[in-house]
Amino acid sequence: MASLYNFSAETLSELRKFRFSSGRADNMQAIIYAIDKSSNYVTRESESPIESIEELMEELPDNSARYVLLSYPIKLSDGRIKNPFVLLYWRPPTSGQENKMLYAGAVELFREKAGVSKLIEIEEEEDFEDLEEKLV
């Protein structure tokens, strides 16, 4: 079955590299991805990994959905470090219906291509306040 959404070989390679390199990072790492409406290609939007929630919130558009790959080191109560690799699905209420449908149609494919097991939907900036609780 053909897919409506496309991933270039470069994007797939970037996804794999980020997945493995971010798991060894000592700090939060995030990359924003967008869908090009004209080609339906999923492309990387942020040049280098974002290293704080505040910076991530600044980079996300107010009126358009995005995918964010996030690696977030968490220190567990027994002292071990857990580094969950998740997909944040940013869908602000101000994004139009067409934009919401475009991203909703590709979310599971992106999740599969990125190799993440957990999906967290974020609609408001306030949702980032309890992000760490959602990651565990």
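A: Start with a term: two strands pair if DSSP finds at least two bridges between them. Strands of a sheet pair through backbone hydrogen bonds, either parallel or antiparallel. Keep in mind that this is a predicted model.

Now the sheet itself. Five strands form it, in the order E2-E1-E3-E6-E7. The sheet is open, and its pairing is mixed. E2 and strand E7 (118–122) are the edge strands, each pairing on one side only. On average, neighbouring strands are turned by 25 degrees against each other, direction ignored.

Strand E1 (residues 29–36) and strand E2 (residues 41–44) pair in the antiparallel sense. Four bridges join them. Aspartate 36 has tyrosine 41, in E2, as its bridge partner. The hairpin of E1 and E2 has four residues between the strands. In this hairpin, asparagine 40 takes a positive phi near 60 degrees.

Helix H3 (residues 97–104) lies across E1, strand E3 (66–71) and strand E6 (85–90). H3 runs at about 115 degrees to E1. H4 lies across E1, E2, E3, E6 and E7. Its direction is about 155 degrees to E6.

Stay with H4, which covers residues 107–114. Which of its residues are buried? They are Val107, Phe110 and Ala114. Seen down the axis of H4, these buried residues fall within an arc of 65 degrees, so they line one face of the helix. The general rule behind this is simple: an α-helix has 3.6 residues a turn, so residues three or four places apart point the same way. Just after H4 comes glycine 115, with a positive phi of about 75 degrees.

Now the aromatic rings. The whole structure holds seven aromatic pairs. One of them joins phenylalanine 18 and phenylalanine 85. Their centres are 6.0 Å apart, with 50 degrees between the planes, and the pair is tilted. The pair links distant parts of the chain: phenylalanine 18 is in helix H1 (residues 9–22), phenylalanine 85 is in strand E6, and they are 67 residues apart. Phenylalanine 18 counts as buried because its relative accessibility is 4%, under the 20% cut-off. Phenylalanine 85 is buried too, at 14%.

A second pair brings us back to H4. Tyrosine 67 and phenylalanine 110 are stacked, at 4.8 Å centre to centre and 15 degrees between the planes. Tyrosine 67 lies in strand E3 and phenylalanine 110 in helix H4, so this pair ties together parts that are 43 residues apart in sequence. Tyrosine 67 is buried, with a relative accessible area of 0%. Phenylalanine 110 is buried as well, also with 0%. Both rings belong to one aromatic cluster, formed by Phe7, Tyr33, Tyr67, Tyr89, Tyr103 and Phe110.

Last, how confident is the prediction? The mean pLDDT of the chain is 90. In all, 98% of its residues reach 70 or more. Confidence is highest in E3, at 96. Strand E5 (residues 81–82) has the lowest, at a mean of 83.

Conventions. Residues are numbered from 1 along each chain as its sequence is written. This is a predicted model: local features need pLDDT of at least 70, side-chain atom pairs count only at pLDDT 80 or more; totals for chains, interfaces and linings use all residues. Side-chain values use heavy atoms; hydrogens and water are left out. Buried means under 20% relative accessible area, exposed over 50%, partly exposed in between (1.4 Å probe, protein chains only). Helices (H or I, at least four residues) and strands (E, at least two) are DSSP runs, numbered from the N terminus. The arc is that of the directions from the helix axis to the C-beta atoms. Axes are lines fitted to C-alpha atoms, for helices over the stretch in contact, and angles run from 0 to 180 degrees between N-to-C directions. Contact means heavy atoms within 4.5 Å. Rings of Phe, Tyr and Trp (its six-membered ring) pair if their centres lie within 6.5 Å; planes under 30 degrees apart count as stacked, over 60 as edge-to-face and the rest as tilted. pLDDT is the predictor's confidence in each residue, from 0 to 100.
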